[in-house]
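Visitor: I have this structure open and would like to talk through it with you. Could we begin with the surface and then work inward?

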Amino acid sequence: MRDRRSPESTVSADRSSTPADLPAGYDGRRRWQALGVGLVAAFMTLLDVSIVNVAVPSIDRALHATPSDLQWVLSGYALTFGLVLVPAGRFGDARGRRIGFVVGVTLFTLTSALAGLARSPEWLVIARLVQGAAAGVVNPQVSGVIQQLFRGAERGRAFGLLGATIGISTAVGPLLGGLLIQLGGEEHGWRWVFFVNVPVGIVAVLLGWRLLPGRPTGQPDRHRLDPVGVLLLGIGVTLVLLPLVQREQWQTPWKWLLIPIGLAFLAAFAAWERWYARHRPPLFDLRLFALQSYTLGSLIGLIYFAGFTAIFFIFTLYLQVGLGYSALAAGLAITPFALGSAAASAVGGRVVTRLGRPLVATGLLVVVAGLLATFWVLRGDPHHSVGLRTALPLLLAGLGSGLVIAPNQTLALSEVPVPQAGSGAGMLQTGQRIGSAAGIAGVGALFFSTLADTRGDWATAFRHALLLAAGIIALALVAGVLDIVGGRRSGGSGRSAAGS
């Protein structure tokens with residue numbers, strides 16, 4: 001695809017294509033070991049987005065939580081997760097990804113233990129809020145490490161593994177949660193959903209300190225982390241996300257006014273960053289949006305996660321509440337998606353450097369086809385055969401998802417310079433978190449309104465919400481196709497550089 005970056009932009013592609021520019025001591029096996037540690041931590045933090053969903057009934061019984069408490073246990077994690085992504089990524093760029101990683105995983109491990117020990121709903125909510133912030137510190141460091149340590153086709157493979165981690169952790173969360181609750185019992189099994197992070201986190205901290213690269217030389221020091229930018233971005237993201245994550249608990253329509261106010265703060269953040277960039281390195285370099293690969297990848301990620309995450313939210317509700325499935329049975333029903341996503345992510349990471357954006361468009365098409373097939377097999381009243389009927393369609397959707405998440409992330413970050421890899425990945429993931437919250441809010445609203453209108457027809461409510469989720473993902477497909485067509489008309493190949 002023709003490079004459409006503005007000539008004024010000083011953001012340039014990462015031209016470091018040889019091992020000579022890698023940090024000292026990071027040839028060969030050590031780079032993959034460092035990646036392995038990062039992927040384990042990423043899996044652990046992303047798993048906690050979905051694993052707690054199946055534990056909600058047990059938490060309710062054990063702690064006598066109110067609906068508002070339970071909502072904050074689920075959505076508070078996502079809120080603080082999205083809040084710190086960009087500042088944490090910038091911190092890693094400036095102070096070293098090893099420090100950011102170790103601090104984040106340590107805090108995540110401690111708060112996981114505190115969540116498992118909770119004796120009241122308030123205790124659990126506070127632990128989850130801090131746990132989400134810790135997860136937001138960890139994840140940009142993992143993407144930044146990939147940008148820093150890998151080049152060319154190897155970077156595509158590394159992002160393929162990260163994409164597989166994202167897809168599997170999101171889809172397999174209900175299954176692992178169900179297994180832990182089954183083993184630990186209905187009363188205390190939910191505590192093991194949190195305790196399981198503790199031994200993994202301890203090992204990740206020790207290995208992360210040993211294997212991840214330290215502070216880069218010649219980078220801005222801690223006095224240049226742009227506190228005004230952090231404040232403006234934090235307020236803006238919070239105001240946008242808050243009415244989405246509290247959609248069920250805040251009944252007043254006035255809550256939606258927070259979104260335009262939040263957008264105004266984000267506009268102020270953009271204006272501030274433009275001014276600040278004239279004097280010092282900003283929190284986030286807006287010139288990255290002059291890179292079409294980054295802008296399009298961010299847009300597709302935001303839209304796709306709006307549909308992708310909502311599917312598991314409504315499916316878990318349908319199975320557990322509507323059909324009376326156990327936590328374990330509900331998790332098993334979602335497993336085909338996770339298996340398909342894992343298999344396709346590994347392949348997608350290897351071929352994205354050759355196929356580019358058409359690979360992502362193909363994946364989106366397959367996801368939509370899989371969801372429509374799921375809708376078709378659930379026509380009528382399938383009752384307790386839902387898990388069997390949806391296995392093949394969800395496997396197909398999972399295969400498509402594996403060709404979307406990893407390749408899209410690879411393409412989006414392909415031209416981002418290494419010194420801005422953390423903040424660039426943080427902004428990309430912030431869009432994904434906002435998309436997830438918006439998708440759950442919109443798809444969930446349709447689900448519950450249909451449930452009320454049909455007087456408790458869970459199957460109809462699920463099918464209608466599933467169609468909306470498929471429609472949202474189809475919008476991401478339209479964006480990808482328009483880019484491919486536009487690139488070919490302008491004389492390009494319809495591909496974005498993935499390994500420059």
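Guide: Bearing in mind that this is a predicted model, a nonpolar surface patch of about 440 Å² is formed by L339, L392, L395, L396 and L399.

Visitor: Which helix gives the most to that nonpolar patch?
Guide: Helix α14, spanning residues 391-402, gives the most, with 4 residues, and L395 is found in this helix.

Visitor: Moving inside, which residues touch the most other members of the largest nonpolar core?
Guide: That core has 115 residues, and those touching the most other members are F101, Y294, Y304, F315 and L364. Helix α10 (residues 292-322) supplies the largest share of this core, with 16 residues.

Visitor: And what is L364 in contact with, leaving aside its neighbours within four places in sequence?
Guide: With those neighbours left aside, L364 contacts I300, Y304, V404, I473, A476 and L477. There is also a second, separate core of 26 residues, which includes V54, L175, L180 and F194.

Visitor: Changing topic, is T109 buried or exposed?
Guide: T109, which is found in helix α4 (residues 97-116), is buried, because its relative accessible area is 8% and buried means under 20%.

Visitor: What does T109 contact beyond its neighbours within four places in sequence?
Guide: Apart from those neighbours, T109 is in contact with N197, V198, G201 and I202.

Notes
Residues numbered from 1 in each chain as written. Predicted model: local features only at pLDDT ≥ 70, side-chain atom pairs only at ≥ 80, totals over all residues. Heavy atoms only, no water. Helix = DSSP H or I, 4+ residues; strand = E, 2+ residues; numbered from the N terminus. Buried < 20%, exposed > 50% of the residue type's maximum accessible area, 1.4 Å probe, protein only. Contact = heavy atoms within 4.5 Å. Core = buried A, V, L, I, M, F, W, Y, C linked by side-chain atoms within 4.5 Å. Patch = residues over 30% accessible without salt bridge, like charges linked within 9 Å, V, L, I, M, F, W, Y side chains within 5 Å. Areas by Shrake-Rupley, 256 points an atom, 1.4 Å probe, with all protein chains shown as cover. Salt bridge = Lys/Arg side-chain N within 4 Å of Asp/Glu carboxyl O.
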